[in-house]
Amino acid sequence: MKKTFQKWLPPVLTAIVIGILLWANWPTKDKDNDFAFTEFGQLPVTANGRIVPLDSLARNSLLAIREKQTLNLEPWKGWNENPKIIPATEWLANVMMNSSVADDWPCFRVDNPDLISLLKLPDKDAAKHSDGKHYSWNQIAANIDTFTNENNRVEAIEAANRTAYENAVAKMHERLVLYAQLKNTVQLENSPDWPAELAAYEKLIPDGIAAVNAQQAGQKFNQTNFDSLVAYISAFQYMANLEPPLILPPTDGAREWRRMGDALLDAPRPNGVPIDDSIHDWAKMAGALTANQPDAFNSALKDYYSTLVPTQSKALAKARAEVFFNQMEPFYNAMVIYVFAGLLAIFSWFNLSETLRRSAVWLVWLAFVIHTTGLIYRMVLEGRPPVTNLYSSAIFIGWGACLLGIILEKFYKNGIGAVVSAGIGFITLIIAHNLALTGDTMEMMRAVLDTNFWLATHVVAVTTGYASTFVAGFLALIYIVRGVFTKTLDEATGKSLARMIYGIVCFATLFSFVGTVLGGIWADQSWGRFWGWDPKENGALIIVLWNALILHLRWGGMIRERGLVVCAIGGNIVTSWSWFGVNMLGIGLHSYGFTDAAFKWLLLFVVSQLAFIALGLLPFKWWKSFSARA
Amino acid sequence: MPIKKIVSVFTSLKLTVTLLAFSIVLVFVGTLAQADEGLYGAQAHYFKQWIVIGADLFGHKIPLLLPGGYLLGVLLLVNLVCAHIYRFQLTTKKIGIQLTHAGVIVLLVGQLATDMLAREMQMHFSEGETKAYSESATDYELIFANGDQVTAIPSKLLKPGDELKIDSLPFAIRVKSFWKNSDVSFRAPMTQNAPPIASNGVALDFDFMQKPDVKKMDERNIPTAIIELTRTNGSPGDWVISEWTGDASLVEAVQNSYVDQIGATMAHTIASKLAAPQAIESNGQEYTFVLRPARIYHPFSLTLLKATHTVYPGTDIPKDFRSRVRIDNPQAGERREVEISMNHPLRYGGYTFYQYQMDAGQMAEQAGRVPSSVLSVVRNPSWLTPYIGCGMVGAGLLTQFMFHLVGFVSKRKSK
C-alpha cells in the first residue's frame, strides 16, 4: 500500500495541478445576451508599430495605468466582499467608446502621497468609496491645471536627477496621455452620440468644402457651413495629434492602417479616401455601447469582423493567436508551480523523503514544459529569437536556469537541482512580471537590433552565460544556507554541491565569453569597432573575468570548496550588475532598459548577497552542519 | 637564481589571478566613471592608460591608484605568453586549455594593434553629393589655400605660444590660443562692451568663447583658435579660426538660433558673415584659410543617391536606415551602385563604410531639408583578429568542457 502510494503520488499530484490549471484558464465565452467583449478583444489594430489584438492593447494599457491586467471597480471592498472585477477588454471598450461611464472607473493607480495631495485625491475611506490608491479620470481631471504646471516643471529636469515625487508626476503624465490616446482612438472624446455626429459630419462635407473653396476664392460663402467644417477639422486634428493606435484596416483607397482622426481629416480632401464601412461599423459599436444595447453592439462587431475576413485574414489569425496566449498566461502559471515545486523539494531535504523529491521533480518538469511552451509561442508570435528585450531576457534566463537545474537533478537526484530550477524560475518570472509593467513586451526592434542572426547568437549566448552564472550562485547560496543554518549539509552533499558549482562555472565561462566576443563582432559589423567600452559590454566582460578568476583561483589551489562557494555568490552580484545595473547609469548604447524602481531592488539584492558572503566566511565551528559533522 | 625567479613570477597563476582581479576593478570603476566623464573621457582616463591616478565618481574626487588598461593588457599578455611557452604540453587533455589561451593572446594582440593602427573617419553627404574624402570626427587641420596650392597643418601642431614657419607659406603662424570646444555668438552692434578677441576677419562680428569639453557620445567638440600671422614686413594682426565658420550645418544652426530673435533675413545676413572666407595677402598672392576636420582622400568617390529612413507604422521607432551610393573608381574602371544599411556595411578599398547617422524620411521632409547621410569610415588592418581569436577560445573552451562532461557522465554511469 505504502509502495503504491509512493509510486503514484508524483504523477497523481501533477495530474491534479494540470486539472486545476485547465479549469482556471479555460477560455471564457461571451454570454449570448451580453456584450461580446471577448470577441471584441480579438480584433486586430496597429499599435506600437505592430498588429496587436485589442485584448493585448487593453491588457498592456491597463498594466501601464493600473499595474494589473484587470480592473477592480470597487477597490475599497475587501477581497472577501466580492468586489466587481471586469476584464481589460471591457474596460478598453468603454474608455474608447463610452467614456462617460469609463471616466468614473478607478483605473489610475497613484502611490506617491505627495502626488495624491497635489491632486487633492481622497484618502482611504470605504464609506466614500475610496481605497486611497485607485482613482478615476474624472477625479484627476478636477485638478488637471495644477498637475500640468507641476508636469511642465518636472519635464525640464533630466530624468536621472528627479526625486521620487517628480518621477511619480512624470509617470502620471505618461498614464494620462495613454488614457487620452485611448479615448480618441475610435471617436471624438466625450462625444455624447458619436454615430449621429459622424453622420452630421458626412452630410456636411460637400457643403463645407464648397464654403471653404468659395472663401478661398474670395467669393460669397456660407458662414455656418464654413465654421462647422473648420470646427470638425480642428477637433479631428486634436484626435490625430494624440497619435492613438491605428484602428482602421487598409482598404482599396488606403494602403496602410490608419488612425481614425487621420481618416476623418482625409475624407474631405480632394483625393481623400471617403468615409467607409469600417468607420461606420466602429461608430455603430460606439453608439450601441453608449446606449447599452448588447445586441446592436454584437451585430456591428460581427459586421466589422466580416469586412476584415477577406483582406485581413493574416492579421486576424495573428490576433487570435496572441489573445489565446494572453488568456493562457503561461509564465504566470509556471511561476505558481515553481513555488509549489520548490517548497516540496526543500521539505524533501529535511525528512529525506524520496517521494517528496520525486513529486517536486515532476512539478518542476510540468512548470518547465509550460515555461518552454510559452517561450516558443512568443518566439513564433514575434518571429524572433527568444531574447529581444529586457522582459524576454528574464523569461529566457529563468528557462535556461531551470533546464540546468533539471540536468543537475537528473545526475545527482538530491533535490538540489529541483530547488535551483524552481528558485531561479520563480525569481526571474517575478522580475519579468514587473518588467511587463512598462508596456508592450513584444515591441518592434529598432533598426540596429533588427537582425535575427545576432539576436539568436550573441544575445542568446550572453543570456545563457547570465543564467548559468546565476545557477552557480544559487547553488552556492544553498550550500551556505544549509551549511550554516541546518544540519543537512553532510560531507557528500557539500562535495557534490562544490562539483556542481565548478562545472557550472566552466559552462558559464564558455557562454559568457563566446557571447561577449560575438557582441564585439556584431559591433564590428554595424559600427566598425570591435570593442568600445560601452557599459553593457563592460558588464559582460566583468562576468567573463570573474568566472575566469574563479577558475584560475581553483586551478592554482588558492581556493577550495568554501572559497569556490563564496566566489560563486560574487557571480550573482556581477551578473545582476551587468543585467540591470549598467542600464541604470543611463549612458551608452544599451541603456534601453532603465527602470528606477528596479534600482532599489538591485541594491537590496547586492546587499543580501554580500551578507551571504559574510556568512560564508564565518568560522566552521559556527556552521551547524560542520559542528554536527565534528 | 634571479632568472628562475623572474620566470616563475611571470608564469605564475598568482600573477594571472592578481591581474584578473585588477581588471575587474578597473572595468567596473571605468564604467561608473562614464556617468561623469563621458565614454571617451573615461576611455582615455582608465583604459587607454598605463597608470590610473585619482577618479571622479558621481561628482566626487576619489584618491585611487590603479594599473591602467594598457599596463594590465601588456602584463596579461606577457603572463599568458610565458605560461604558454613554459607549460606547453601537447596532450589531448590539455589541448582545449592551450587553444583557449592562444586565442586570448590573439585577441589581446589584435586589440593592441587595433588601438594603434585603426583610423575612424566619417563621410557626410546630402543626396546627389559626391565625396572623394573622409573626415575625422576628432582631429582638425588648418588649411591655407592659394589657388591649387594647399597647405594643411594638423591641429595637434597648434599649441598656444608656438610659432610655426612652413616652407610653402610666406608668413609665420603664431598660435595665441586653442580651445578644444567653443561657442559662438553674434556681436550685436548695440551691446558691445568688450573689444573683439582678434583684430581681423570674423572676430569683428562674432564673439567666440571657450566651452568645457563634451561628455556625451552624441555631442562633439567644436574647436576655435586665435592665430597671429606675421609677414616679413610686419604683422597684419590676429584672426580667429573656428569650425563654427567652416561647417555648413553649424552655420545653419547659428542662423536658426537667431531667426526667432531678429527675423529670417537678418539671421541669414549674420550666417553669411559667419561663413565669409578669411584670407591674408602676401606678395600679391591671396591665401584663404580655414579650420576644418582632418581629411583623408580616397582614390575613388562615393555619391549618395538616396537616403531612406523608415519607421514602424504609426510610431517614431526607426525600422531601417539605408543609403544607396554609387562607387566611382576611375583607376579600376569601376562604377556601380551599392546599398549600405545598419548591420550591412560596405567594405571597399581597404576601408569599411558603415551607416552611422541619417537625416531623412518624414522629419527631414517636413523641415524642408535635403535628405543626408553620415557614414562611419573605418580602416582597421587587424579587423580579423577578433574573429580568429573568438573562434579559437570558443573551440578551446568547448573542447575542454566536453572533455570534462564526457568524463563526468561516463563516471556517473559506471557507478
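Trainee: How many bridges join strand 10 of chain B to strand 11 of chain B?

Mentor: Please note that this model is predicted. Strand 10 of chain B covers residues 224-231, and strand 11 of chain B covers residues 234-242. A hairpin connects the two through two residues. They run antiparallel, and the number of bridges between them is seven.

Trainee: Which residue in strand 11 of chain B stands opposite Ala225(B)?

Mentor: Ala225(B) has a bridge partner in another strand as well, namely Phe178(B). That pairing belongs to strand 7 of chain B, residues 172-179, which runs antiparallel to strand 10 of chain B with seven bridges. In strand 11 of chain B, the residue opposite Ala225(B) is Ile241(B).

Trainee: What confidence does the predictor give to the complex, and what is the average pLDDT of chain B?

Mentor: For the complex, the predictor gives an ipTM of 0.88 and a pTM of 0.89. In chain B, 98% of the residues score at least 70. The average pLDDT of chain B is 87.

Trainee: Which helix of chain B gives the most residues to the side that touches chain A?

Mentor: The contact takes 47 residues from chain B and 50 residues from chain A. Several elements of chain B supply at least two residues each, including helix 3 (34-47), helix 5 (95-117) and strand 14 (318-329). The residues on this side of chain B divide into 27 nonpolar, 15 polar and five charged. The largest contribution, 12 residues, comes from helix 2 of chain B.

Trainee: What covers the buried residues of helix 10 of chain B?

Mentor: The buried residues of helix 10 of chain B include Thr385(B), Cys390(B), Val393(B) and Leu397(B). Helix 10 of chain B also supplies at least two residues of the side of chain B that touches chain A. The cover of its buried residues includes helix 5 of chain B together with helix 21 (491-527) of chain A.

Trainee: How far apart are the end C-alpha atoms of helix 10 of chain B?

Mentor: The helix has 30 residues, and at 1.5 Å a residue it should span 44 Å.

Trainee: Why does Ile395(A) count as buried?

Mentor: Ile395(A) is found in helix 18 of chain A, residues 390-412. Leaving aside residues up to four places away in sequence, Ile395(A) touches Phe331(A), Leu375(A) and Ala432(A). A residue is buried if 20 or more other C-beta atoms lie within 10 Å of its own. Ile395(A) counts as buried because its C-beta neighbours inside 10 Å number 26.

Trainee: How many of the 23 residues of helix 18 of chain A are buried?

Mentor: At 1.5 Å a residue, this helix should span 33 Å, and its end C-alpha atoms are 33 Å apart, which agrees. Helix 18 of chain A is followed by Lys413(A), whose phi is positive, near 50°. The helix is largely enclosed by the rest of the structure, because the number of its 23 residues that are buried is 17.

Trainee: Which strand of chain A gives the most to the side of domain 1 of chain A that touches domain 2 of chain A?

Mentor: The domain assignment of chain A places domain 1 at 37-183 and domain 2 at 194-313. Their contact takes 14 residues from domain 1 of chain A and 13 residues from domain 2 of chain A. On the side of domain 1 of chain A, the residues divide into nine nonpolar, four polar and one charged. The most, four residues, comes from strand 1 of chain A.

Trainee: What distance separates the centres of domain 1 of chain B and domain 2 of chain B?

Mentor: The domain assignment of chain B gives domain 1 as 2-118 + 385-414 and domain 2 as 119-129 + 295-379. Taken over C-alpha atoms, the centres of these two domains are separated by 37 Å.

Key
Residues numbered from 1 in each chain as written. Chains lettered and ligands numbered in written order. Predicted model: local features only at pLDDT ≥ 70, side-chain atom pairs only at ≥ 80, totals over all residues. Domains from an automatic or database assignment. Contact = placed C-beta atoms within 7 Å. Nonpolar A, V, L, I, M, F, W, Y, C, P; charged D, E, K, R; others polar. pLDDT = per-residue confidence, 0-100. Pairing = 2+ DSSP bridges. Buried ≥ 20, exposed ≤ 12 C-beta atoms within 10 Å, placed from the backbone. Expected span 1.5 Å × (residues − 1).
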